[in-house]
Amino acid sequence: MTAMQQAIEIIKDEHRSMGAVLKGLQAHVEAVREGRDKPDFPLFQAMFDYIETIPDRVHHPKEDETLFRLLRMRSHAADTILDELEGQHDVCGTLLASVRKAMGAYRESGDIAGFERSLGAYAEFLWEHMRKEEEVVMPLAAENLTSEDWETIHAAFQANRSQAW
Ligand SMILES: [Fe+2]
């Protein structure tokens with residue numbers, strides 16, 4: 001595999017991991033709402049901590065610093081979408097904080113509908129964000145980046161593979 005193929009594979013793989021965590025969270029909340037399960041608050045906390053530690057502090061900054069930065073240097077074709085996606089990276093933390101808040105409210109008042117809605121909106125936001133990265137940014141990157149660029153991106157993402165993905 002070329003550095004480009006490997007870098008794209010790693011990024012997509014990280015997206016899949018993020019997606020799996022979100023799906024797991026949503027499935028658990030749904031099971032609780034339907035009375036099939038009891039709320040596992042430590043599990044919620046652990047999943048939120050994971051999202052905060054890995055995607056928000058490692059994955060998104062790495063995209064900004066390598067893939068997005070290099071693509072901006074090589075072409076202006078992606079400027080608009082990159083502005084949008086970088087803006088979304090910046091608000092990920094705030095959105096997650098509001099999901100945590102909704103979980104706190106659920107814990108106190110039993111309002112699971114509010115928590116489920118907040119979590120659903122957050123998951124939807126991230127799915128759409130990752131979809132744009134994969135379907136819009138990656139083809140533009142494949143078209144415009146040099147093989148040295150891909151080496152740089154691959155090296156940056158490869159460096160974190162040992163972390164808890
Ligand atoms: Fe991403």
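How are α1 and α3 oriented to each other, roughly parallel or roughly antiparallel? Some notes on that and on the iron site follow.

1. Ground rules. This is a predicted model, where local features need pLDDT of at least 70, side-chain atom pairs count only at pLDDT 80 or more, and totals for chains, interfaces and linings use all residues. Residue numbers start from 1 along each chain as its sequence is written, and side-chain values use heavy atoms, with hydrogens and water left out.

2. The helix pair. Helix α1 covers residues 3-33 and helix α3 residues 55-74; they pack at an angle of about 150 degrees, with axes 12 Å apart. Helices here are DSSP runs (H or I, at least four residues), numbered from the N terminus. The axes are lines fitted to C-alpha atoms over the stretch in contact, and angles run from 0 to 180 degrees between N-to-C directions. α1 and α3 are therefore roughly antiparallel, a label for angles over 145 degrees.

3. What touches what. From α1, Ile11, Glu14, His15 and Met18 meet Pro55, His59, His60, Glu63 and Leu67 of α3 (contact means heavy atoms within 4.5 Å). By class, the residues of this contact are four nonpolar, three polar and two charged. Nonpolar covers Ala, Val, Leu, Ile, Met, Phe, Trp, Tyr, Cys and Pro; charged covers Asp, Glu, Lys and Arg; the others, Gly among them, are polar.

4. The iron ion. Its donors are His15 (NE2), His59 (NE2), Glu63 (OE), Glu63 (OE) and Glu133 (OE), at 1.9 to 2.7 Å. Along the chain they follow the spacing H-x43-H-x3-E-x69-E. A caveat on the site: donors are N, O and S atoms within 2.8 Å of the metal (3.2 Å for Na, K and Ca), and water is not among the atoms, so sites may look incomplete.

5. Burial. Both His15 and Glu63 are buried, meaning under 20% relative accessible area (1.4 Å probe, protein chains only). His60, in helix α3, also counts as buried, at 2% relative accessibility. Beyond its neighbours within four places in sequence, His60 is in contact with Met18, Pro55, His89, Cys92, Leu126 and His129.

6. Ile10. This residue sits in helix α1 and is buried, with a relative accessible area of 7%. Not counting residues up to four places away in sequence, Ile10 touches His154, Phe157, Gln158 and Arg161. Ile10 and Phe157 are 147 residues apart along the chain, yet their C-alpha atoms are separated by 6.9 Å.

Definitions and conventions
Helix = DSSP H or I, 4+ residues; strand = E, 2+ residues; numbered from the N terminus. Parallel < 35°, antiparallel > 145°, perpendicular 65-115°, else oblique. Buried < 20%, exposed > 50% of the residue type's maximum accessible area, 1.4 Å probe, protein only.
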